[in-house]
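Good morning, and thank you for coming. Please look at the sequence and the model now.

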Amino acid sequence: MSKFAIVGGHGNVSMRLARLLAAKQGNKVISIIRNADHAEEIANTGAEPLVLSIESDSKNKFANVFEGKNIVYFSAGAGGKGGPERTRKVDYEGALKVFDALELVKGDKPRLIMVSAIDVRDRNIVPAHYTEEDKVSSKTVYEKIGSYMQAKYEADKNLVQRTAFQWTILRPSGLTNDPGSGKATVGKGHLQHEISRDDVALTLALLAERPDAAGLGIDLVGGDENIEDGLDTFIKKVTRRSGNTIGRNARNRIMKKSNSMAMDDIDPIMHPSQSGSSDDGVMATIAQQMQASMEKKKREKEIKFLQATQAELSKTLSERAHEFSDGVAGIDKSFTNFQDAYAANEDHIRKLWDAILQEQLKLQVSIAPICRVAFVATTADREKKREQEHIRALAHGRKACEEFQRLIDSLDPNYERA
Ligand SMILES: NC(=O)c1ccc[n+]([C@@H]2O[C@H](COP(=O)([O-])OP(=O)(O)OC[C@H]3O[C@@H](n4cnc5c(N)ncnc54)[C@H](OP(=O)(O)O)[C@@H]3O)[C@@H](O)[C@H]2O)c1
């Protein structure tokens with residue numbers, strides 16, 4: 001007896017899955033739907049409907065629902081409705097909300113079985129088993145629904161970093177509504193081989209019984225092998241090494257080492273079907289690929305660092321260039337202002353000189369008569385003084401002559417004046 005929650009409960013795969021799970025005695029299934037109108041349809045599958053939206057409800061609400069469950073399925077999707085923004089909101093952010101909610105669950109946490117899609121990957125790494133036809137199909141899909149593939153890739157990349165709960169990722173090819181055959185190719189397959197939703201639902205139900213599928217990414221495409229057998233073979237193949245199984249702990253150790261790496265680093269572990277490794281060589285292949293990935297990561301880091309440095313340098317240079325040209329413009333402006341002020345002052349000084357000259361001329365004209373009067377007055381004055389001196393000199397002369405006569409008379413009283 002197990003307890004399940006299905007996120008995206010009204011989906012075409014989820015409804016089929018709910019019927020399969022609920023059909024088993026003792027199982028309890030909660031189908032999470034976003035539209036209450038679908039409740040009756042859900043009840044008809046044998047599941048209990050619960051209305052919650054991964055777009056608008058909190059992770060705590062989901063955590064409450066997940067508590068006490070053994071398995072949580074994520075099979076929701078925007079289905080391309082609402083454009084790339086909604087695809088991101090549902091297929092990426094909605095998925096992360098569910099992962100966060102699982103981490104919040106107290107006590108034993110349920111295992112998550114995530115419905116992803118085939119060929120969701122780092123596009124720089126082409127799986128070794130891809131044929132030319134696969135490559136063409138892949139290109140077409142990415143051209144048509146690239147935002148969906150990217151959202152799924154980022155969600156998966158986020159999920160494989162989580163260690164607080166167990167997870168398994170199922171990666172089906174294009175889905176059809178054909179009746180299920182119970183057959184498929186589990187693991188390495190080709191993209192053109194579609195698979196029916198019935199067969200995907202069956203695989204999801206079978207995975208609930210396979211705790212040893214924790215930590216695996218499993219491709220599922222149309223094929224001829226009994227699904228239950230194919231799943232068993234695949235899980236045993238990728239978890240066995242030289243007769244020993246690579247247990248969850250070993251995988252977790254590798255996962256922990258890989259925690260800082262990108263999805264492409266851990267793809268070989270997540271998706272052993274793509275690794276091209278044999279049972280015996282799986283660990284060696286993983287080690288080689290991890291080393292190659294680490295070197296690639298290192299190179300990417302170096303390139304990122306160089307690009308960041310270059311960007312910072314260009315930013316600084318362009319800021320300084322602006323500052324420099326601002327400074328030069330400032331100096332130019334100041335110099336122009338100085339030239340204008342200098343020219344204005346020159347003009348002013350010239351005008352002052354002109355005014356002084358005018359004033360001088362006016363002064364000369366106005367003092368000329370005064371000068372003339374002063375000159376005449378001075379000449380008359382001098383003439384008068386000279387005349388007075390002359391008279392005084394004559395008076396002295398006369399006095400001297402009289403003195404002289406008196407002297408002669410005193411010396412010779414008989415002297416007769418001529
Ligand atoms: N289509 C393919 O060829 C293909 C291939 C590989 C993988 N997948 C993946 O397989 C899964 C199942 O496919 P499908 O055909 O069953 O898809 P589906 O019929 O479109 O089901 C998706 C479900 O998600 C629900 N949903 C959408 N937004 C939601 C929200 N905010 N909160 C809760 N539920 C929300 C939808 O609810 P409503 O019913 O209310 O709209 C719908 O019931 C999806 O994850 C898909 O990405 C599909």
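Predicted model: local features only at pLDDT ≥ 70, side-chain atom pairs only at ≥ 80, totals over all residues.

Strands β1 and β4 run parallel and are joined by 4 bridges; two strands are said to pair if DSSP finds at least two bridges between them. Residues are numbered from 1 along each chain as its sequence is written. Helices (H or I, at least four residues) and strands (E, at least two) are DSSP runs, numbered from the N terminus.

By way of setting, the chain holds 10 helices and 12 strands. Of its 418 residues, 32% count as buried. A residue is buried if 20 or more other C-beta atoms lie within 10 Å of its own, exposed if 12 or fewer, and partly exposed in between, with C-beta atoms placed from the backbone.

Let us return to β4. Opposite V72 of this strand stands A5. On the other pairing, β4 and β5 run parallel, with 4 bridges between them, and F74 has M114 in β5 as its bridge partner. From β4 the chain passes through α4 to β5, a right-handed β-α-β crossover; right-handed here means that, with the strands pointing away from the viewer, the path from the first strand over the helix to the second runs clockwise.

Now to the connecting helix. α4 covers residues 83-104, and its 22 residues reach 30 Å from first C-alpha to last, close to the 32 Å expected; the expected span is 1.5 Å times one less than the number of residues. A kink of about 30 degrees is centred on E93, the bend being the angle between axes fitted to the seven residues ending at a position and the seven starting there.

What do the buried residues of α4 pack against? Their partners are β1 (3-7), α3 (59-66), β4 (71-74), β5 (111-115) and α5 (132-159), contact meaning C-beta atoms, placed from the backbone, within 7 Å. Among these buried residues are V90, G94, V98 and A101. An α-helix has 3.6 residues a turn, so residues three or four places apart point the same way. E85, by contrast, lies in α4 and is exposed, because 10 other C-beta atoms lie within 10 Å. Between E85 and Y148 there are 63 residues in sequence, yet 10.0 Å in space, C-alpha to C-alpha.

Y148 is one of the buried residues of α5. The 28 residues of α5 have end C-alpha atoms only 30 Å apart, short of the 40 Å that a straight helix would reach. In α5 a kink of about 100 degrees is centred on I145.

Most residues other than glycine have a negative phi. D119 is buried, because 20 other C-beta atoms lie within 10 Å.

Finally, the ligand. α1 (12-22) and α4 each supply at least two residues of the shell around the ligand, and α1 gives the largest share, 3 residues.

Conventions
Contact = placed C-beta atoms within 7 Å.
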